[in-house]
Amino acid sequence: MDLKLGHYNKDGIEVVDVEGEIDVYTAPRLRELLIDLVNKKNYQLVVNMEKVEFLDSTGLGVLVGGLKRVRAHDGSLDLVCTQERILKIFRITGLTKVFGIHATVDEAIADKDK
Amino acid sequence: MATVEVRFTPLPAHVRTARLVATAVARRSGVDESLLDEVRLAVGEACSRAVESHRLHCPAEPIRVALTDDGERFEIVVTDAAPADVTVTDALSSAAPATAGAAEGRMGSALVVDGVVQQLPAGVGLAVIVGLADDVRIVPSGRGTSIAMSWKRRTL
């Protein structure tokens, strides 16, 4: 399955919906979207990965890049993910300590409000 | 002798094809269903790394993927033709510290533009492979490098 991207604003936080496979072929599209959102001054991001079927280290690199961009503006990039097969790559690479990973979009947004 | 061999030009779009073939052959070979996601991710990492190396050094050369079932183990060997000294240096650059470096802002050999990481170091992909496969061997092969990954078959 190819990559489908969408985004919307909820309570002042930009939520990015990602569906499909994030790999060396599709990751550039997600990178472009994150860069575009940051360029438009969206510094509080939630990336909803509940419909992501595949994620590799190229995709991780895009997420880390997005995180660094928003942090440069005192923002944050949190993830929504409960799928074990996707969480596994975050655990292997130690990136569970870098990203806030939540079970739902509402939980991620609530956590940003704290 | 390999059960299935795939050769593809070093285009990112073909990595998905390699993943699909590897997963299908692994399933047919009797690799446990619970391990198929790991096979898919590991072969994807190895092929992505090979594609990046080929695009830099030898874009006209194909990448080879050999999938072998010897009755006890299922093995995937991804062989590139990029200069071995470059790829082996990438491969053997400490994967775990590179990963930690990415997390802490020390980017190692990551592609960084305007101070922002665009691509994690090659060592991260290798760290993922090591974390997924039962056994991993990274060896020079001809002009390039081979990454051999294997998984035990389930008892049939």
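What share of the contacts in chain A with a separation of 6 or more comes from residues 24 or more positions apart? Such residues account for 69% of these contacts, where two residues are in contact if their C-beta atoms, placed from the backbone, lie within 7 Å. The model is predicted, so local features need pLDDT of at least 70 and side-chain atom pairs count only at pLDDT 80 or more, while totals for chains, interfaces and linings use all residues. Residues are numbered from 1 along each chain as its sequence is written, and chains are lettered from A and ligands numbered from 1 in the order in which they are written.

Chain A has four helices and five strands, these being DSSP runs numbered from the N terminus (helices, H or I, at least four residues; strands, E, at least two). Along the sequence the elements of chain A follow the pattern β-β-α-β-α-β-α-β-α. The C-alpha trace of chain A spans about 30 × 25 × 20 Å along its principal axes. The radius of gyration of chain A is 13 Å, which agrees with the value near 13 Å for a compact globule of 114 residues; this radius is taken over C-alpha atoms, and the globule rule is 2.2 Å times the number of residues to the power 0.38. Of the 114 residues of chain A, 46% count as buried. A residue is buried if 20 or more other C-beta atoms lie within 10 Å of its own, exposed if 12 or fewer, and partly exposed in between, with C-beta atoms placed from the backbone.

The five strands of chain A form an open sheet in the order 1-2-3-4-5, with mixed pairing; two strands pair if DSSP finds at least two bridges between them. Strand 1 (4-10) and strand 5 (100-102) of chain A are the edge strands, each pairing on one side only. Strand 2 (residues 13-22) and strand 3 (residues 44-55) of chain A run parallel and are joined by eight bridges. In this pairing E21(A) has F54(A) as its bridge partner in strand 3 of chain A, and E14(A) stands opposite L45(A) in strand 3 of chain A. Strand 3 of chain A is mostly covered, with nine of its 12 residues buried.

Helix 1 of chain A and helix 2 (residues 57-71) of chain A pack at an angle of about 5 degrees, with their axes 9 Å apart. Helix 1 of chain A is therefore roughly parallel to helix 2 of chain A. Axes are lines fitted to C-alpha atoms, for helices over the stretch in contact, and angles run from 0 to 180 degrees between N-to-C directions. Angles under 35 degrees count as roughly parallel, over 145 as roughly antiparallel, 65 to 115 as roughly perpendicular and the rest as oblique. Residues of helix 1 of chain A that meet helix 2 of chain A include L30(A), L34(A) and V38(A).

In chain B, an open sheet of five strands has the order 1-2-3-7-6, with antiparallel pairing. Its edge strands are strand 1 (4-8) and strand 6 (135-141) of chain B. Strand 3 (residues 73-79) and strand 7 (residues 144-152) of chain B pair over seven bridges in the antiparallel sense, and E75(B) stands opposite S150(B) in strand 7 of chain B.

The contact between the chains takes 24 residues from chain B and 21 residues from chain A. Helix 2 of chain B gives six residues, the largest share of the side of chain B that touches chain A.
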